[in-house]
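Thanks, everyone, for making the time this morning.

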Amino acid sequence: MNKLRKLVGNLGLLFMFFFFIYAALGVELFGKLECSEDFPCLGLHRHTNFENFGVALLTLYKVCTGDNWSGILKDTMRECRVGDSDCPSYLFWASPIFFITFVVMVQFVLVNLVVAAIMQALEDSTEVKLRFMDQHKLERVHD
């Protein structure tokens with residue numbers, strides 16, 4: 001059981017590490033995006049944005065669960081208007097890289113690691129149970 005706690009703790013730290021890095025990167029890349037009539041938003045709104053670190057973590061959690069992450073991706077892939085010097089021109093290619101790498105890392109790789117940890121814990125508990133049963137049978141034979 002102690003081994004399982006260590007494994008779950010390490011996986012939790014790995015999740016937090018990825019979320020921390022992607023939240024900081026999301027604030028840097030998408031923190032100044034605003035929704036307006038010229039640029040209506042499908043996924044970004046008051047509770048889902050990258051304006052600060054805390055809300056960016058919640059937004060990434062929403063993306064991690066698959067809840068309208070394609071709408072958030074579309075909102076962040078903006079093309080700049082002519083003469084808009086504040087608009088970053090890299091969003092159109094940086095946004096898909098950001099979201100696709102995050103989704104692949106979290107939904108596929110890290111979730112598979114969690115499932116592997118659970119299966120390892122079940123296998124270990126089965127081995128302990130079998131050893132206990134074998135020991136109990138030996139004690140009955142000697143009695």
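Predicted model: local features only at pLDDT ≥ 70, side-chain atom pairs only at ≥ 80, totals over all residues.

Let me begin with N68, which has a relative accessibility of 33% and therefore counts as partly exposed, since that value falls between the 20% and 50% limits. N68 sits in the loop that runs between α2 and α3, and its phi is near 55°, a positive value in a residue other than glycine. As background for that remark, most residues other than glycine have a negative phi.

The largest nonpolar core has 23 residues, and the members that touch the most other members are F30, F50, L60, F98, F99 and F102. At least two residues of this core come from each of four helices, namely α1 (2-30), α2 (53-64), α3 (69-76) and α4 (91-142).

Please look at F102 in particular, which at 0% relative accessibility counts as buried, because buried means under 20%. Leaving aside residues up to four places away in sequence, F102 is in contact with F19, Y22, L60, V63, C64 and Q107.

That brings me to the aromatic rings, of which 12 pairs are counted here. In the pair made by F19 and F102, the ring centres are 5.4 Å apart and the planes stand at 80°, so the arrangement is edge-to-face, the cut-off for that class being over 60 degrees.

How are the rings of F30 and F99 arranged as an aromatic pair? They are stacked, with 5.8 Å from centre to centre and 20° between the planes. Because F30 lies in helix α1 and F99 in helix α4, this pair ties together parts that are 69 residues apart in sequence. Both F30 and F99 are buried. If we then step back from individual pairs, one aromatic cluster is formed by F15, F19, Y22, F30, F50, F98, F99 and F102.

Staying with helix α1 for a moment, I would point you to A23, which is found in that helix and, at 0% relative accessibility, counts as buried. With residues up to four places away in sequence again set aside, A23 touches F53, A56, L57 and L60. A separation of 8.5 Å lies between the C-alpha atoms of A23 and T59, which are 36 residues apart along the chain.

How many disulfides does the structure hold? There is 1, formed by C35 and C41, whose sulfur atoms are 1.8 Å apart. The torsion about the S-S bond is about -100°, and the disulfide is therefore left-handed.

Conventions:
Residues numbered from 1 in each chain as written. Heavy atoms only, no water. Disulfide = S-S within 2.5 Å. Core = buried A, V, L, I, M, F, W, Y, C linked by side-chain atoms within 4.5 Å. Buried < 20%, exposed > 50% of the residue type's maximum accessible area, 1.4 Å probe, protein only. Contact = heavy atoms within 4.5 Å. Phe/Tyr/Trp six-rings, centres within 6.5 Å; stacked < 30°, edge-to-face > 60°.
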